[in-house]
Amino acid sequence: MLPDDEELQSVLRQIESIAAVAGLRGSIDRNGGVFVMGFATDGGRSQQVIVRPAGASLDGKRVITISSPAWPLPDADAAALTRELALDLLKRNEKLTFARYGLIAHGPGWVVVASSDLPVDTLDAEEFRLHASSVAEAADTLERAIGPDML
Amino acid sequence: MRLADRDAWRFPPDRDLAARLRASPAVQRRIASTVAGSGPRTSRSAMLASAVMVDPAVLPHLARAIAGLRDQLPGIPDLELFVYNDADLNGFVTPGQSRTIVALSSATVNHLDAEELAYVLGHELGHAAYGHLDIPAGVLAADRTLPIGDAARVRSWQRAMEISADRTGLVACGSLSAAARALFKVASGIVATSVVASPQLFAGQWQRLADEVIAAGDRDFHHISHPFPPLRMRAMLLFQEAIDAGDPQRLSVADKAIAAMLGMMEPSDSGEPIADLRLRAFFFWGGLYLALEDGAVALCENQRLAEIAPDGTDVAAAVAAAHAQPETCLERFAEAFRGRRRRFSALEIHRIVYGLLDIARTDGRVSAGEIARLERLAEVMGVPPQGCALVAAQFAKERSDAA
């Protein structure tokens, strides 16, 4: 279940606090309900990393999702995502650590993102850094495979 | 003290959290669906079917006890008292459709004396008198679809309401010793008539529990509906001392101390960092290290440090020793960090840094020298200098927004 507004703001502050302790600069986008950071990746590239509240786990713990956009699919039917490419993404998922590829709705179309979920209350700074950089790296790897540094 | 004056000494967080829950749309919806369901209507029939209703002809001493309390607490819908067969010491109160039902286990009736029973009955009736039955806390706590913030507030409220109910129990029986015996018997299961439960000794167990919780770094108590029994005893002791002193300010101080103790059962980032008893050693030694940055501890800083010092700390001696060797503060801070058995979460570390900034600002400003010392303290916890700067920027912004 997704958080109500007070809960949303509370978790966004928690994310900002954890990022600060991890030495990661970012900012809260209150309208979008997310915390946004920038990550430098190999070869002078960069990747936007978004952290958002993701409700509760089965045992009632607060969860956050760290994600980074990798490949925009502007068409409503995601036509560019062929069966071959979709299978390739699933195979890549098995080899990734602390990240996975998925598909989220974006405007009229979709975006392939790399993402990871974490419980926020017990998270330590090193875990947060590791998951955030793994997500950024996974998104950037896919982006490089597809084309220039678009996102 | 009279039960009729109970609103004057109701535990403030009980009242405040109940108000917040009543104002929550999600909670209102669930209350409406619970009332529409079968709960209140079946409570009385279940009791009539399986338990014994207390009647002057059947259990005269209990009937007298409940009648006496009913007279002191007008306004509670028709009271009925039942005794059910159970070997555990327990009791509960529940709303019927037009009655209030109080039930005691047979073990409770068999093993508690008149004063102890008065405490238990007073406690249960306290729940009814304070309107605790109007919000079905047990149902809400079990509801996984309730927003997390509301779910946490329900648990916090459950614990706070026990403090209020303990007070009515204490006033009802009129004896701290009787309340201690009753609580001890329920907590331990030991029902021998030779039980002598000293309120002070029982309450003293709280400090040992607190020290253990701090050392272990346990943070998994927020799902528990009742405060730890030693905490409840300590809370009753503080309440009795405040009432005996006849000073409303003393009760306010006691309530603040009790709220801080209950804070040890809250999630790691709940409430103001400085009020977190679990982190006092860090705030004291780290705060002293920061205060000595300019070579002297100002009066306002000294007062602040005295307020947050861990129990048993000789503040004057610690300040004097630290004047001579300020680096010992850093060593004590590091000892406290390494001494914790469970690793610190990022949110806990943030609370420590944020709280230290609050202490540094006691004299109205955070100097560059204090920031440099804060970075050394943060380094002990694995926080890089840029992390310290980010938390300081967050602190400055939030203080500015709040002003």
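A salt bridge is a side-chain nitrogen of Lys or Arg within 4 Å of a carboxyl oxygen of Asp or Glu. Between chain A and chain B, the count is five salt bridges. In one of them, the side chain of A:Glu6 meets that of B:Arg153, with N and O 3.6 Å apart. The model is predicted: local features need pLDDT of at least 70, side-chain atom pairs count only at pLDDT 80 or more, and totals for chains, interfaces and linings use all residues. Residues are numbered from 1 along each chain as its sequence is written, chains are lettered from A and ligands numbered from 1 in the order in which they are written, and side-chain values use heavy atoms, with hydrogens and water left out.

The interface can also be described by polar contacts. Such a contact is a pair of N or O atoms within 3.5 Å; within protein, one must be able to donate a hydrogen and the other to accept it, and residues adjacent in sequence count only if both atoms are side-chain atoms. Ten residue pairs, both members at pLDDT 80 or more, are in polar contact between chain A and chain B. Three elements of chain A each supply at least two residues of the side that touches chain B: α1 (5-21), β3 (45-56) and α3 (125-146). Helices (H or I, at least four residues) and strands (E, at least two) are DSSP runs, numbered from the N terminus. The largest share of this side of chain A, nine residues, comes from α1(A). By class, the side has eleven nonpolar, six polar and ten charged residues. Here Ala, Val, Leu, Ile, Met, Phe, Trp, Tyr, Cys and Pro count as nonpolar, Asp, Glu, Lys and Arg as charged, and the others, Gly among them, as polar.

In total, 27 residues of chain A are in contact (heavy atoms within 4.5 Å) with 26 residues of chain B. The area buried between the two chains is about 2,100 Å², and carbon and sulfur atoms give 55% of this area. Buried area is the accessible area (1.4 Å probe) that two parts lose on being put together, summed over both.

Over all chains, a search of the whole structure finds 41 salt bridges. Several lie within chain B. B:Asp14 and B:Arg10 meet through their side chains at 2.8 Å, N to O. Both B:Asp14 and B:Arg10 are buried. Buried means under 20% relative accessible area, exposed over 50%, and partly exposed in between (1.4 Å probe, protein chains only).

B:Arg399 forms a salt bridge with B:Asp358, and their closest N and O atoms are 3.3 Å apart. B:Arg399 lies in helix α19 (residues 385-402) and B:Asp358 in helix α17 (residues 346-360), so the pair ties together parts 41 residues apart in sequence. B:Arg399 is partly exposed, at 22% relative accessible area, whereas B:Asp358 is buried, at 14%.

Helix α19 of chain B also holds B:Asp401 and B:Lys397, four residues apart, about one turn of the helix. Their salt bridge brings the closest N and O atoms to 2.8 Å. Both residues are exposed. Elsewhere in chain B, a network of salt bridges links B:Arg219, B:Asp276, B:Arg278, B:Arg340, B:Glu348 and B:Arg351.

In chain A, A:His131 lies in helix α3. A:His131 is buried, with a relative accessible area of 11%. Leaving aside neighbours within four places in sequence, A:His131 is in contact with A:Ile66, A:Phe98, A:Ser116 and A:Leu118.
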